[in-house]
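Trainee: Could we go through this model together, one question at a time?
Mentor: Gladly, let's have a look.

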Amino acid sequence: MKALSVLGSTGSIGTQTLEIVDDFPDRFKVVALTAGRNLDLLIRQIQRYHPEVVALADGELVASLRERLLALAPQERPARLPELLGGSDGLCAAAAWPTADLVVTGIVGCAGLLPTLAAIRAGKDLALANKETLIAAGPVVLPELARSGSRLLPADSEHSAIFQCLQGTPWADTARLSTGIPTPGLRRIQLTASGGAFRDWDAADLVKATVADATSHPNWSMGRKITVDSASLMNKGLEVIEAHYLFGIDYDQIEIIIHPQSIIHSMVELVDSSVLAQLGWPDMKLPILYCLSWPQRLETPWRRLDLTEVGQLSFRQPDPAKYPCMQLAYAAGRAGGTMPAALNAANEEAVALFLDEQIAFVDIPKLIERVCDRHRVDLKADPALSDVLATDAWARQAVREAAAGSAARPVVAAAG
Ligand code: NAD
Ligand code: MG
């Protein structure tokens, strides 16, 4: 029986993790849950999974959660109320909870950084969905992993695919996989991208893109922020940085390839020119399950892949003019140090402004570029946690200021 701490339990990753617990009640149990603001769903989860501890990001909501749990009819109330915690310290305590074996990081954004570090420092293995944390703080997270011996198992579908493929190589070594140590024999990674909501749009039409347009993903059902990131291809850009940190591979050896069917979840090319791929329907439950069961495979009744039903797998190069975020991410990754933290925070803030209908979709890359340019003079090559946190806060503020000023003028992303 593996005991899980599920961070961000009310989100897309969190709820899919709990569905896996439902599918394998003899294998997995939940000892800790954390959430942002969705108390209704969180209460239903507490009733179903009986966690030992529950933490809310907003400490002020803890009293109301307690009241609502106590107001439940006796037959609906858990026999023992979980320990209820709040704020950043509460999230960190839930992430480092002594009885947890594995921490699923389903918090969205850099808000996951401190809980992730708390889990690593407590020696927990992690199922990493919260990519923003590794992207913003790779130079801080990797040494902590090396110190504690925690394993970072990738839940992101592309990185899970790479992780799975690498286990088919003679150099596979669990001490090395996904810890940032270069993987011998690995020549190239090809990250597949669906192309997101605007895959079939002309670049010139992106000026008209609305929030509803950007949040309807063709293949995957996910939280709103990552769905917008998929539409801009920033998600793939962030995944390039994530792959760099997880697999210790240079940026020149990581490629993005548009694969509209989302059946091949990514590929690795080895030094002898062999290419290994991992395939499956676009469903996050499989990469999450693999983190939970690794190194074992569990039998599932899930829909099996039928390539004759898919018919065709197609591939094309992404258009850099249509997707400027992709290049911004490569540039930030190559600059290293605190630059990915600036990029990530600027993106989080710009996407929030877009979702709030304060800026246009095409303003997102403009704002990020401006902030990354400004950060160049302050870049710390070998940052401490405090540098990452300071960069994150500065970049968010810089985006808000730029958006309030002239930067958010409507722009056309590409001339076509
Ligand atoms: P989501 O918005 O559906 O859920 C986010 C969760 O985090 C919710 O439980 C929310 O309450 C909580 N949360 C939000 N803000 C918080 C804060 N400031 N502090 C603490 N908790 C907070 O997001 P998601 O789609 O589940 O994505 C979660 C993470 O997983 C992201 O980093 C995303 O990039 C990554 N990811 C998601 C998918 C997917 O299919 N959804 C795939 C790959 C990677
Ligand atoms: Mg992904």
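**Sheet, helices and metal site**

Mentor: Helix α7 (residues 157-166) lies across β8, β10 (264-270) and β11, and runs at about 40° to β10. Contact means heavy atoms within 4.5 Å; axes are lines fitted to C-alpha atoms, for helices over the stretch in contact, with angles from 0 to 180 degrees between N-to-C directions. Helices (H or I, at least four residues) and strands (E, at least two) are DSSP runs numbered from the N terminus. This is a predicted model, where local features need pLDDT of at least 70, side-chain atom pairs count only at pLDDT 80 or more, and totals for chains, interfaces and linings use all residues. Residues are numbered from 1 along each chain as its sequence is written, chains are lettered from A and ligands numbered from 1 in the order written, and side-chain values use heavy atoms, leaving out hydrogens and water.

Trainee: Which strands stand at the edges of the sheet?
Mentor: Strands pair if DSSP finds at least two bridges between them. The open, mixed sheet has the order β9-β8-β10-β11. Each edge strand has a single partner, so one side of it is left without a neighbour in the sheet; these are β9 (254-258) and β11 (275-279).

Trainee: Which residues are the protein donors of the magnesium ion (ligand 2)?
Mentor: Donors are N, O and S atoms within 2.8 Å of the metal (3.2 Å for Na, K and Ca), and sites may look incomplete because water is not among the atoms. Here they lie 2.1 to 2.3 Å from the ion: Asp 156 (OD), Glu 158 (OE) and Glu 239 (OE).

Trainee: How many residues apart are Glu 158 and Glu 239?
Mentor: Glu 158 belongs to helix α7 and Glu 239 to helix α10, so to speak of distant parts of the chain, the pair links them across 81 residues.
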